[in-house]
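Hi,

Here is the structure I promised to pass on.

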Amino acid sequence: MELKGIDVFSGESVRIEIVEASIHKVEKIEKQGSLPYIAPGFIDIQVNGFRGSDYSAEDFSENQLRKIVDALAISGTTQHLPTIITSPKDRIVKNLSVIAESISNSEDLRAAIVGIHLEGPYISSEDGPRGAHDLQFVRNPDLAEFEEWQKAADGHISMVTLAPEREGALEFIRKVTETGVRVAIGHTAADPEIIHEAVHAGATLSTHLGNGSHGRIPRLRNYIWEQLAEDVLMASIIADSFHLPKSVTKVIQRAKGLGRIILISDVAVMAGKEPGIYEWGNISVQVFADGHLGLAGTEYLAGAAHLLDWDIVHFMKFTGCSIGEAVSACTRNPARYFDLPSNFAHLEPGAPAHLVIFQFDTDARRLNIIKTIRNGKTIFSE
């Protein structure tokens, strides 16, 4: 396979030759008319579900997993972390087992899924920080329970989001990070001192910073400022224009720097549905006409409805960064955070052939994805 486009990082026109599942050759060429951009495939570290399929569903199956993987390709996303939210213990075990077995039986799924993210159940019980997570299943960290889950997942759990103020959380962070699993702070109501203790224990990321929080917090001493100021913590953010205002997105980017931001979709099962109110387990979720999701009858959000092709554009508009910098935030930054191979998310010989071809218009609301390639095979073409 041969591709021509503008290298999203360098701005140079290039020809890329793919042999089997890898990039074989990259050479500069003279600009030929209006070439599209070419970039590494996007990596989304927080996908809860999409278009009616849900990683936390009671009836979750391999068929739903494949539907999510296939549907994400329309956005240029080639890799993601299935995210299981706060749920009954047995359901988490079962769904982790389904994911692990599916990965073991499919080369394509192994390439598409670079880990599993547990968002909960060890989170705050308070309204606001808890977000759309079901209160009846929220609980304190339990290392034995996590070890059971990791066994069911065949070792594929690579990140846990928790609230560090919960009883036993700090010791849990220390023990889990020793195994190589990343721990993120999220859905928390922690005092500033606890944020620092969590970082000292091994936490390295803030999950969707600025969201999963109270409607009102102390103006100076609060868990958002402390995470912003903590240099060890990278920050994942949902830059869809609904979760964070322009000013907040800009401040987070400036505080963390472009190299420590990870763009995520946080896309949920209701994404893609017509406006209305739907039941998600024991939670009522409203799909609004403008595309965002909320807990019905409240001011709180309930996951996201847009993918990274939308978020990249809005992150650029809100921060003034370049297209290459925005793409890095959902390719090179997550690859580095999870210690993926050093050539992952690079356009160079020997790198895995996970690529996206797209056009970008400064007036558009999302990227125009032309082609998505994983392991050297086209998985989406307009």
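A quick definition to start: helices (H or I, at least four residues) and strands (E, at least two) are DSSP runs, numbered from the N terminus. Counted that way, the protein chain has 11 helices and 20 strands.

Some ground rules. This is a predicted model, where local features need pLDDT of at least 70 and side-chain atom pairs count only at pLDDT 80 or more, while totals for chains, interfaces and linings use all residues. Residues are numbered from 1 along each chain as its sequence is written, and side-chain values use heavy atoms, with hydrogens and water left out.

**Overall shape**

The radius of gyration (taken over C-alpha atoms) is compared with a globule rule of 2.2 Å times the number of residues to the power 0.38. For 382 residues, a compact globule would come out near 21 Å, and the protein chain's 20 Å agrees with that. Its C-alpha atoms fill a box of roughly 60 × 45 × 45 Å along the principal axes.

How many of the residues count as buried? The figure is 58% of the 382, where buried means under 20% relative accessible area, exposed over 50%, and partly exposed in between (1.4 Å probe, protein chains only). Contact means heavy atoms within 4.5 Å. Taking contacts with a separation of 6 or more, 69% are between residues 24 or more positions apart.

**The cores**

In soluble globular proteins, nonpolar side chains tend to be buried together. I used "nonpolar core" for a set of buried Ala, Val, Leu, Ile, Met, Phe, Trp, Tyr and Cys residues joined through side-chain atoms within 4.5 Å. The largest one here has 61 residues, and those touching the most other members are Tyr55, Leu96, Leu118, Phe146, Trp149 and Ile157. Helix H2 (residues 89–105) gives the most to this core, with six residues. Apart from it lies another core, of 27 residues, including Val8, Ala39, Ile261 and Phe315.

Leaving out residues up to four places away in sequence, Phe146 touches Leu118, Tyr122, Ile157, Val160, Phe172, Val176 and Val181.

**Helix H6**

What do the buried residues of H6 pack against? They sit against helix H5 (169–178), strand S11 (182–185) and helix H7 (223–229). The buried residues in H6 (residues 192–201) are Pro192, Ile195, Ala198, Val199 and Ala201. After H6 comes Gly202, with a positive phi near 135°.

Most residues other than glycine have a negative phi, and most peptide bonds are trans. A few spots are worth a look with that in mind:

- The peptide bond from Gly120 to Pro121 is cis, with omega near 10°. Pro121 is in the loop between strand S9 (116–119) and helix H4 (143–152).
- Asp154 is not a glycine, yet its phi is positive, about 55°. You'll find Asp154 in the loop between H4 and strand S10 (157–162). Asp154 counts as exposed because its relative accessibility is 55%.
- His208 is not a glycine either, and has a positive phi of about 30°. His208 is in the loop between strand S12 (205–206) and H7. With a relative accessible area of 3%, His208 is buried.

**One more residue**

Asn105 is found in helix H2. Is Asn105 buried or exposed? Its relative accessible area is 54%, so Asn105 is exposed.

Cheers
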